[in-house]
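Thank you all for coming. I would like to walk through one model this morning, so please have the sequence and the structure open as I speak.

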Amino acid sequence: MTTQQGSDDRPRTDSGTEAGADSGTDRGVHERAAGNALLRADEVIAGYVPGVNILNGCDFYVDDGELVGIIGPNGAGKSTLLKAIFGLIKVSSGTITLRGEDITGQKANQLVTKGVGFVPQTNNVFPSLTIEENLQMGVFQAPKKFKQSFEFVTGLFPALGDRRAQRAGSLSGGERQMVAMGRALMMEPSVLLLDEPSAGLSPALQDEVFVRTRQINRAGVSVIMVEQNARRCLQICDRGYVLDQGRNAYTASGKDLSNDPKVIELYLGTLAKA
Amino acid sequence: MRRRVAVALATMMSALVCVLGLGAGVAHAEGESIFGFLRNAKGGDLVPVEGAKITVKGPGVNETATTDDTGRWTVEVGKPGTYTVTIDQKSLPKGVTLRNPDADSLKVPVVESQDKPVLFALGKSTRVIQSKWAQAAQLSAEGLRFGLIIALAAVGLSLIFGTTGLTNFSHGELVTLGAIIAWWVSTGNLPLSLPGYGGVNFLVAAAITLAIMGLIGWANDARLWGPLRRRGTGLIAAMIVSIGLSLLLRYLLLYLFSGSSRAYPAYRGQKGVDIGPITLSPADYISMAIAIVVLMAVAYALLRTRLGKATRAVSDNPALASASGIDVDGVIRTVWIAGSMLAGLAGILLGIAQGINFQIGFQILLLMFAAVTLGGLGTAFGALVGSIVVGMFVTVSTLVIPAELKNVGALGILIIILLVRPQGILGRAERVG
Amino acid sequence: MNVERILINALEAGIGLETVVFALAAIGLNVHFGYTGLLNFGQSAFMAMAAYGIGTTVATFDLPLWLGVIFGLLAAVLLALLLGIPTLRLRADYLAIVTIAAAEIVRLTVRSVTFEETFGGSDGRQGFSNDFYSINPYPEGFYGVGRFGFSERPIWVLTVGWTLVALSCLFVFLLMRSPWGRVLKAIREDEDAVRSLGKNVYSYKMQSLVIGGVLGCLGGFILALGRSSIQPDIFGTETTFFAYTVLILGGAARVASPVVGAMIFWVVLSLTDNVLNEAIDAGYVSTSIINNTQVGQFRFMLVGLSLMLLMIFRPQGIFGDRREIALDAR
């Protein structure tokens, strides 16, 4: 067990330093571009089980007001990156900074007060609470904000205001997604993390989610979204990351990525044909 | 292989130590006896009855005792067991009768080294023979009182289950602790002698008890369950830990409090107050009022306050609650403290209603489970409704079934409910996706 | 302090009646909890089925003992079916609550005055074991070395008891090596996965519940015959939890661990009881701290504490494998 783990670790550290030394590639680009980013992650290594890392030195940043998409094949570590940023899993090495402040390893509830919002992929509402109470939970740490934030959120999602007394457990998947986004927006976060918001929704509802996401972003919130629906995601993103095996394979603007032949071949291929 | 070696080793070692044995004396348990005072209620006074014959039959014993001039009688039975104590009604002096002439024989369990008191009620009953309806009304009132007490305890059980997933088998001991601590503090008979402390007013004692119960709840979470959660102890493992804790606490309380049943001096022998067909003691009415007020306060807190909503949110989805900025550990800590205080209050009220013993809480543990399951696991309101239903059912069912089987009925209903409506009365099947 | 007596008592406890009874009860629980992951908190009810099966058949209805054994076994099977039908489809903790409730129903019913004619109330039943002792092959006498040993009646019970323990262990061993046993273990690990293989999980769980219940019921027979009398309060929840402690002490999901667990359990209890009693009699411990009656209470505290500590620090017990224990199943 231990020897296996050791031999597993070594090549990772090697490639990590390699990438760092070879400053013409990803790390160098990241270093230059991410200078004053709102939120950045540097060489993050993290995983669920000790000794089995999902993220193997991942670099990432998002600027103020940016909408960034993260795509990649299954198991690439897309959701894991979000969870690592949000302090839901332990980061074993690397740093995460928010406006220059090191937030690595901070608990989720601390990050919420610092302006980071998170919408999980599943189980993202409190089913036995009403819609209004769900939104209230979003401002748990600052109850005074409720009135103002509630207006803001119901402005974005009018349906939530109309059905405020309905229990979230009785809502459909798309409606729940709205409640979940609304809840995360209540604290007026400067950056919103969305974990596969379109998963499990009908194509029409998926479109709605992407439109909403763009809308939220236009309202001044930086958004990081992880998506399975890579093509659709890259269409609305300012910038995209392609993750592979826990490392960034490509980074470019959304448009460039969707036109990149390698990305098309690897990740958009089937979609492009469809 | 390893197992076989270990068995062989164990056997060999015991054989070895056995050879090294030496001799000495052996223990004898103290004698057991059954005794009682025969006194006739006459114009508000109790007059000792002399010369009445009482027979005790049981394993190896068949002895008749005669009451002395103080009305006292004693039979040394010599060993624990169940004995039949019969009073010879013909031996009673003229004008003295058993209150219930059919109840001339009682079955009495005697535990080790116990002097067991047995009482036969004499003289006219203070209560008039009631109609079925009056009985039903009386039992409903008692059932409501019992249900409200169960509810106080069960709401805490349910909240702890909801927020942490723990099925807490030691919750009954929290109830017992409340009852016993209140007795200790109010009478001053502490298990550790505290010089100069002679007890305090019962209400002060109750307040002190609730504070101590809060502390116990805090300690439960801070010292045991919290660390276990952080270690990632599974829910079934935690449930078994709670069973161990329940055994440990229950017998520790037996050790400290002894096996006898006691009452709070302040509420001993209160005269009943009639409201229509219902006769309850003032303490009972006040208990019910307190329980209702407290339960309403809990309901209000859960529905309307920020912390209450957060508690429900944590019950629904701890991960999301944490991601929303709720301090999940803090909520759980609060739930433990509040749940223990509620259980302690239930213990005090139960102690007032039926006397205090070391397993007063354990005896209602299964009824609490029944209540919580009836109402739907993990929903506090379900627990409340379930408790009232169980309390009423247990008490009112004695109209038609023997009192000793009342719990059988309640537990049977629990099983039937699970068969037809596993989510409980108020439990809702959630929409998925 | 009589060290010899203490040690002989401990040794006798290690192979004595209680050890046999709790080994059998724990072997049954092992099938339930250890191999299938079912939380049966009503094992004492299965033991009661056996004890009252023979107790009422012989003492109340004056029928032969062998018929009582058959009734006892049938009652245990019936109880398993009754408990299983409402709960095996539900979450693990429902089964726990229902089984413990059922065990209390059984105990309260047999101890009630209402059914005293049949079950003997809180006195229980006596005088049903003559058929058993009349076929005792051991002539009258003492069987043992020095002061260690048993007279002809206990040695006959122990012979039958340990034979049953050995056969039960062999049975469980063969069962768990069979494909059937592998399905049980798979259910413990992941029910849905087993379902997706086309196995009827419900039926397998039910079979496990019946088999474990019948094994526990064998313990009830030995207990009743060994004591020649039964009282309802023997079958309280404590008995079930003692059996759990025995199982977890030995290590769940191992064939021989209930036996080793039971031996250690009763040796330790006998030692603590006797040492405390002797220490009190010799005046080493003041009776103001603990008297002879309270020694029995100390035993329960000890079991409770051990159960907690075992579960927290060594849930796999002495021989078990941590990965093989169903601790997280819901």
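This is a predicted model: local features need pLDDT of at least 70, side-chain atom pairs count only at pLDDT 80 or more; totals for chains, interfaces and linings use all residues.

Let me begin with strand E9 (residues 239-244) of chain A, where five of the six residues are buried, so that the strand is largely enclosed by the rest of the structure. Strands here are DSSP runs of E with at least two residues, helices are runs of H or I with at least four, and both are numbered from the N terminus.

Residues are numbered from 1 along each chain as its sequence is written, and chains are lettered from A and ligands numbered from 1 in the order in which they are written.

Which strands, then, pair with E9(A)? Strand E3 (residues 67-71) of chain A pairs with E9(A) in the parallel sense over four bridges, and there Ile71(A) has Val242(A) as its bridge partner. Strand E10 (residues 247-253) of chain A is joined to E9(A) by six bridges and runs antiparallel to it, with Tyr241(A) partnered by Thr251(A). Two strands are said to pair if DSSP finds at least two bridges between them. In the hairpin that E9(A) and E10(A) form, there are two residues between the strands, and Gln245(A) takes a positive phi near 50°.

Stepping back to the chain, chain A has twelve helices and ten strands, and buried residues make up 45% of its 274 residues. One of the buried residues is Arg40(A), which counts as such because it has 22 C-beta neighbours inside 10 Å; Arg40(A) sits in strand E1 (residues 39-46) of chain A, and its C-alpha atom is separated by 4.0 Å from that of Tyr61(A), 21 residues apart along the chain.

Turning to helices, the axes of H8(A) and helix H9 (residues 203-218) of chain A come within 11 Å and cross at roughly 15°, which makes H8(A) roughly parallel to H9(A). Axes are lines fitted to C-alpha atoms, for helices over the stretch in contact, with angles running from 0 to 180 degrees between N-to-C directions; angles under 35 degrees count as roughly parallel, over 145 as roughly antiparallel, 65 to 115 as roughly perpendicular and the rest as oblique. Among the residues making this contact are Met181(A) of H8(A) and Val209(A) of H9(A), where contact requires C-beta atoms, placed from the backbone, to lie within 7 Å.

Finally, chain B. The contact between the chains takes 26 residues from chain A and 17 residues from chain B, and helix H4 (108-113), helix H5 (131-138) and helix H8 (173-185) of chain A each supply at least two residues of the side that touches chain B. Within chain B, an open sheet of three strands has the order E6-E1-E9, with mixed pairing. Strand E6 (72-76) and strand E9 (115-117) of chain B stand at the edges, each with a single partner strand, so one side of each is left without a neighbour in the sheet.

Note on methods
A residue is buried if 20 or more other C-beta atoms lie within 10 Å of its own, exposed if 12 or fewer, and partly exposed in between; C-beta atoms are placed from the backbone. Two residues are in contact if their C-beta atoms, placed from the backbone, lie within 7 Å.
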